[in-house]
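This briefing goes through one protein chain by topic. Please keep the sequence and the model in view while reading.

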Amino acid sequence: MSRSSRTDDAGFDRVVRYVADAVDFEPDYYNDDYLGRRVTARMRRRDTDTYDAYLDLLRDDEEEEAALLDALTVNVTHFFRNAEMWEALRPVLRELTDEHRRVKVWSAPCADGREPYSLAMLAHDDPEIDERRLEITATDIDGAALD
């Protein structure tokens, strides 16, 4: 059931808003078709026919909240994923650390941590980056990924 074929857009919007408010997930970064597929897949697994019934289930069942959050989040991670970004970041880190500035970097969301480790490796392997001036913080909303 894709977004365009759904007849209960208001119900879908209520589910998405609940997810944004209660589950600490930002749905605006995802398109409606993706969200619709993930929500309706969870609805089918729980044998729920309407968005409002599913919303009631979400409100009453923390395990379903966690299952939906897991279905919505994309735990894609690779060392040095998006090579262009790393090459664009390199001169910035060189300049900031060369100015003897403390550089705080926040990797969010980082899934299992390969992005912050990539940053640490980049700083360690580049003699023009003063890695002692970097402070790296990594976070994610997926408890299983963090474990």
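**Helix H1**

Helix H1, residues 9-22, is 14 residues long and runs 20 Å from its first C-alpha to its last, close to the 20 Å expected at 1.5 Å a residue. The model is predicted.

**Burial of H1**

- The buried residues in H1 are Gly11, Phe12, Val15, Val16, Tyr18, Val19 and Ala20.

**Fold and dimensions**

- Seven helices and two strands are found in the protein chain.
- The order of these elements along the sequence is α-α-α-α-α-β-α-β-α.
- The radius of gyration of the protein chain is 20 Å, whereas a compact globule of 147 residues would have one near 15 Å.
- The C-alpha trace of the protein chain extends over about 60 × 30 × 20 Å along its principal axes.

- Of the 147 residues in the protein chain, 37% are buried.
- When contacts between residues at least 6 apart in sequence are considered, 70% of them in the protein chain link residues at least 24 apart.
- The protein chain has an accessible surface of about 9400 Å², and carbon and sulfur atoms account for 47% of that surface.

**Serine 107**

- Serine 107 belongs to strand S1, which covers residues 103-107.
- Serine 107 counts as buried because its relative accessibility is 13%, below the 20% cut-off for burial.
- With neighbours within four places in sequence left aside, the contacts of serine 107 are Glu115, Pro116, Thr137, Ala138 and Thr139.

**Aspartate 49**

- Aspartate 49 sits in the loop that lies between H2 and H3.
- Is aspartate 49 buried or exposed? Aspartate 49 is exposed because its relative accessible area is 71%, and exposed means over 50%.
- Aspartate 49 is 40 residues from aspartate 9 in sequence, and their C-alpha atoms are 14 Å apart in space.

Notes:
Residues are numbered from 1 along each chain as its sequence is written. This is a predicted model: local features need pLDDT of at least 70, side-chain atom pairs count only at pLDDT 80 or more; totals for chains, interfaces and linings use all residues. Side-chain values use heavy atoms; hydrogens and water are left out. Helices (H or I, at least four residues) and strands (E, at least two) are DSSP runs, numbered from the N terminus. The radius of gyration is taken over C-alpha atoms; the globule rule is 2.2 Å times the number of residues to the power 0.38. Buried means under 20% relative accessible area, exposed over 50%, partly exposed in between (1.4 Å probe, protein chains only). Contact means heavy atoms within 4.5 Å. Accessible areas come from the Shrake-Rupley method with a 1.4 Å probe; for residues, only the protein chains shown count as cover. The expected span of a helix is 1.5 Å times one less than its number of residues.
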